[in-house]
Amino acid sequence: MSQSYVFKPENVQFVLGANDSNLPYLEMLMATDLSVRGTSISTAEDVPLFIPFMKRLEDAAQERGMLKEAEIFMEFQLLSEPSFADRDSGNEVIVAAGKSIYPKSRAEKELFSVLKSSDVVFSVGPAGTGKTFVSVIWGLSEVLSGRKGKLLLTRPVVEAGESLGFLPGDLKQKLGPYLNPLYDAAEYVLSPQQIKRMEENGTIEIAPLAYMRGRSVNNAVMILDEAQNATRSQIKMFLTRLGENSQAIVTGDPSQIDLPHKRDSGLEESVGILSGIKGVSVVRFSHTDTIRSRIVREIVRAYSEVED
């Protein structure tokens with residue numbers, strides 16, 4: 001039995017993409033052929049999720065504008081997996097430089113909430129779940145709104161099989177490629193020129209974790225990324241840099257430890273030590289929260305099953 005859904009004219013391109021570029025992805029997710037005529041999308045088969053899925057996508061497009069594959073996938077997941085059925089979209093939103101960022105998974109929604117209420121936040125889980133992205137956007141929103149004076153980004157200098165020591169240039173030039181994931185997140189809301197100006201005036205500071213020792217950081221959002229490669233003492237050192245009106249965010253993936261001895265990683269131990277303290281929140285992501293893409297989610301799931 002055929003089914004059809006008619007979008008509002010202003011939303012159809014937001015859902016289907018320019019020149020219906022999202023159509024093949026929608027067909028893959030729903031395992032059916034789809035046809036588009038004007039503002040109507042149809043399937044010749046009886047697909048139980050078809051109508052509610054199209055309605056959910058239109059609601060998301062009405063709220064956010066043009067949808068990307070990751071956003072489409074998460075909306076499909078919310079409908080197709082019972083574990084996500086109780087997730088309410090709510091009113092959680094982070095606004096930075098005029099752009100609104102909405103949670104794309106249940107864990108992301110929890111992260112949005114605790115960032116607004118906690119002094120220290122641990123965001124732990126596999127790749128592609130948005131841990132670093134959300135943290136950087138949150139930090140920028142705090143700085144650009146004037147609630148904080150600085151966004152400080154740091155990572156432990158541990159390489160995933162490559163050596164950075166012989167790269168040319170000064171410390172900032174050496175660290176630039178290493179910190180690209182943090183820049184990628186910032187460039188979602190700011191131009192490279194704006195980021196450069198903020199670095200020049202000290203509003204954004206990039207520092208290796210070792211350079212944090214002995215400092216007291218006031219009126220700032222401090223982000224320690226890739227914390228699975230930090231020792232317990234390094235994480236303690238980072239967190240004790242917190243000064244007046246500052247917030248610390250620690251992100252990491254315990255399955256991607258690059259230290260010579262994995263037992264030296266202090267991330268999980270620090271979570272266990274600190275999780276009972278008022279003002280400290282822990283958000284755990286799993287492969288079901290992967291938003292980077294469908295294939296990344298399946299890769300993470302496959303590896304987690306082998307490792308378990």
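The legends below describe close-up views of a predicted model.

Residues are numbered from 1 along each chain as its sequence is written, and side-chain values use heavy atoms, with hydrogens and water left out. Because the model is predicted, local features need pLDDT of at least 70 and side-chain atom pairs count only at pLDDT 80 or more, while totals for chains, interfaces and linings use all residues.

**View 1. Overall content of the chain.** The chain holds 12 helices and 11 strands; helices (H or I, at least four residues) and strands (E, at least two) are DSSP runs, numbered from the N terminus. Of the 308 residues, 49% are buried. Buried means under 20% relative accessible area, exposed over 50%, and partly exposed in between, with a 1.4 Å probe and protein chains only. Contact means heavy atoms within 4.5 Å. Among contacts between residues at least 6 apart in sequence, 69% join residues at least 24 apart.

View 2. An open sheet is formed by 6 strands in the order 8-7-9-10-6-11, with parallel pairing. Strand 8 and strand 11 (280-284) stand at the edges with a single partner strand each, so one side of each has no neighbour in the sheet. From one strand to the next, the twist averages 15 degrees. Two strands count as paired if DSSP finds at least two bridges between them; strand 7 and strand 9 (residues 220-224) are joined in the parallel sense over 5 bridges. In this pair, Leu152 stands opposite Met222 of strand 9. Helix 11 (residues 267-274) packs on the sheet and touches strand 6 (120-124), strand 10 (247-252) and strand 11. The direction of helix 11 makes about 135 degrees with that of strand 6. Axes are lines fitted to C-alpha atoms, for helices over the stretch in contact, and angles run from 0 to 180 degrees between N-to-C directions.

View 3. Strand 2 is joined to strand 3 (residues 40-43) by 4 bridges, and Arg37 has Ser40 of strand 3 as its bridge partner.

View 4. On a 1 Å grid over the protein atoms alone, a cavity is a set of points where a 1.4 Å probe fits but cannot get out, and lining residues have an atom within 4 Å of a point. Grid points are joined across faces, edges and corners, and a volume is the space filled by probe spheres set on the points. The count is 1 cavity of 30 Å³ or more, and the largest cavity has a volume of about 40 Å³. Its lining consists of Val136, Leu151, Leu153, Leu182, Tyr183, Ala186, Ile195, Ile204 and Ile206. At least two lining residues come from each of strand 7 (150-155), helix 8 (180-186) and strand 8 (204-208). Helix 8 gives the most, with 3 residues. By class the lining has 9 nonpolar, no polar and no charged residues; Ala, Val, Leu, Ile, Met, Phe, Trp, Tyr, Cys and Pro count as nonpolar, Asp, Glu, Lys and Arg as charged, and the others, Gly among them, as polar.

View 5. Ile137 is in helix 6 (residues 131-144) and counts as buried because its relative accessibility is 0%. Leaving aside neighbours within four places in sequence, Ile137 is in contact with Ile94, Ala96, Ile101, Ala185, Tyr188 and Val189. Met237, in helix 10 (residues 232-239), is buried at 5% relative accessibility. Met237 and Arg215 are 22 residues apart in sequence and 9.6 Å apart in space, C-alpha to C-alpha.

**View 6. Two loop residues with positive phi.** Most residues other than glycine have a negative phi. Asn19, in the loop between helix 1 (12-16) and helix 2 (23-30), has a positive phi of about 55 degrees. Asn19 is exposed at 80% relative accessibility. Ala31, in the loop between helix 2 and strand 2, has a positive phi near 55 degrees and is exposed at 64% relative accessibility.

Technical notes:
1 Å grid on protein atoms, 1.4 Å probe; cavity = no way out; pocket = protein on both sides within 12 Å on 5 of 7 lines; lining within 4 Å.
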